[in-house]
Amino acid sequence: MRLEELVAQFAENVAAQTDAIWRGDARTGNKHARKYGAAFDKLREHGDAGRDALAALFTHPRMDVRVAAAAVLLRHRTAEAKAVLEEAAKGEGLVPFKAAQALLRWEEGTWALDPA
């Protein structure tokens with residue numbers, strides 16, 4: 001599968017998970033979380049090229065997609081990912097909360113979404 005297709009799968013499933021959460025449908029949300037996790041795992045198999053492809057989502061129109069991409073790319077694209085998360089964390093609601101939590105875990109040294 002091409003890197004662009006994996007990036008699209010990641011984005012589509014992050015958005016679908018968020019939409020399911022807003023509907024109160026945890027089962028469907030969890031299904032989509034597994035799918036975007038699998039897409040990220042496949043991107044990681046391509047090494048830095050896969051990670052770099054995912055960084056294209058830093059400018060995605062949906063904040064939840066930008067935040068999810070930035071959260072998993074903190075180790076690889078630290079400055080860019082932090083900037084995305086810091087901007088998102090300025091808001092209120094679930095997605096800004098997730099952004100703030102990713103930054104907090106990074107600063108604490110407990111972040112481990114893409115270990116070296």
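Start with asparagine 13: setting aside neighbours within four places in sequence, this residue is in contact (heavy atoms within 4.5 Å) with His32, Lys35 and Tyr36. Asparagine 13 sits in helix α1, residues 3–23; helices here are DSSP runs of H or I with at least four residues, numbered from the N terminus. With a relative accessible area of 10%, asparagine 13 is buried. Buried means under 20% relative accessible area, exposed means over 50%, and partly exposed is in between, using a 1.4 Å probe and protein chains only. The side chain of asparagine 13 also makes a polar contact with the side chain of histidine 32, at 2.7 Å. That term covers a pair of N or O atoms within 3.5 Å; within protein, one must be able to donate a hydrogen and the other to accept it, and residues adjacent in sequence count only if both atoms are side-chain atoms.

A word on where this comes from: the model is predicted, so local features need pLDDT of at least 70 and side-chain atom pairs count only at pLDDT 80 or more, while totals for chains, interfaces and linings use all residues. Residues are numbered from 1 along each chain as its sequence is written, and side-chain values use heavy atoms, with hydrogens and water left out.

Helix α1 also holds glutamine 17, which is buried with a relative accessible area of 10%. Its side chain makes a polar contact with the side chain of tyrosine 36, at 3.2 Å. Beyond neighbours within four places in sequence, glutamine 17 is in contact with Gly29, His32, Ala33, Tyr36 and Lys98.

Tyrosine 36 brings us to the aromatic rings. The structure holds two aromatic pairs. Rings of Phe, Tyr and Trp (its six-membered ring) pair if their centres lie within 6.5 Å; planes under 30 degrees apart count as stacked, over 60 as edge-to-face and the rest as tilted. The rings of phenylalanine 10 and tyrosine 36 have centres 5.4 Å apart and planes at 70°, so this pair is edge-to-face. Phenylalanine 10 lies in α1 and tyrosine 36 in α2 (residues 26–45), so the pair ties together parts that are 26 residues apart in sequence. Both of these residues, phenylalanine 10 and tyrosine 36, are buried. Tryptophan 106 and tryptophan 111 form another edge-to-face pair, 5.2 Å centre to centre with 75° between the planes. Here tryptophan 106 is partly exposed at 24% relative accessibility, while tryptophan 111 is buried at 12%.

Phenylalanine 10 turns up again in the largest nonpolar core, which has 32 residues; those with the most contacts inside it are Phe10, Leu54, Leu57, Phe58 and Leu85. Such a core is a set of buried Ala, Val, Leu, Ile, Met, Phe, Trp, Tyr and Cys residues joined through side-chain atoms within 4.5 Å. At least two residues each come from α1, α2, α4 (63–72), α5 (78–89) and α6 (94–108), and α4 gives the most, with seven.

Finally, look at α6. Its buried residues are Val95, Pro96, Ala99, Ala102 and Leu103. They cover an arc of only 120° around the axis, which puts them on the same side of α6; the arc is that of the directions from the helix axis to the C-beta atoms. What covers these buried residues includes α4 and α5. After α6 comes glycine 109, whose phi is positive, near 85°.
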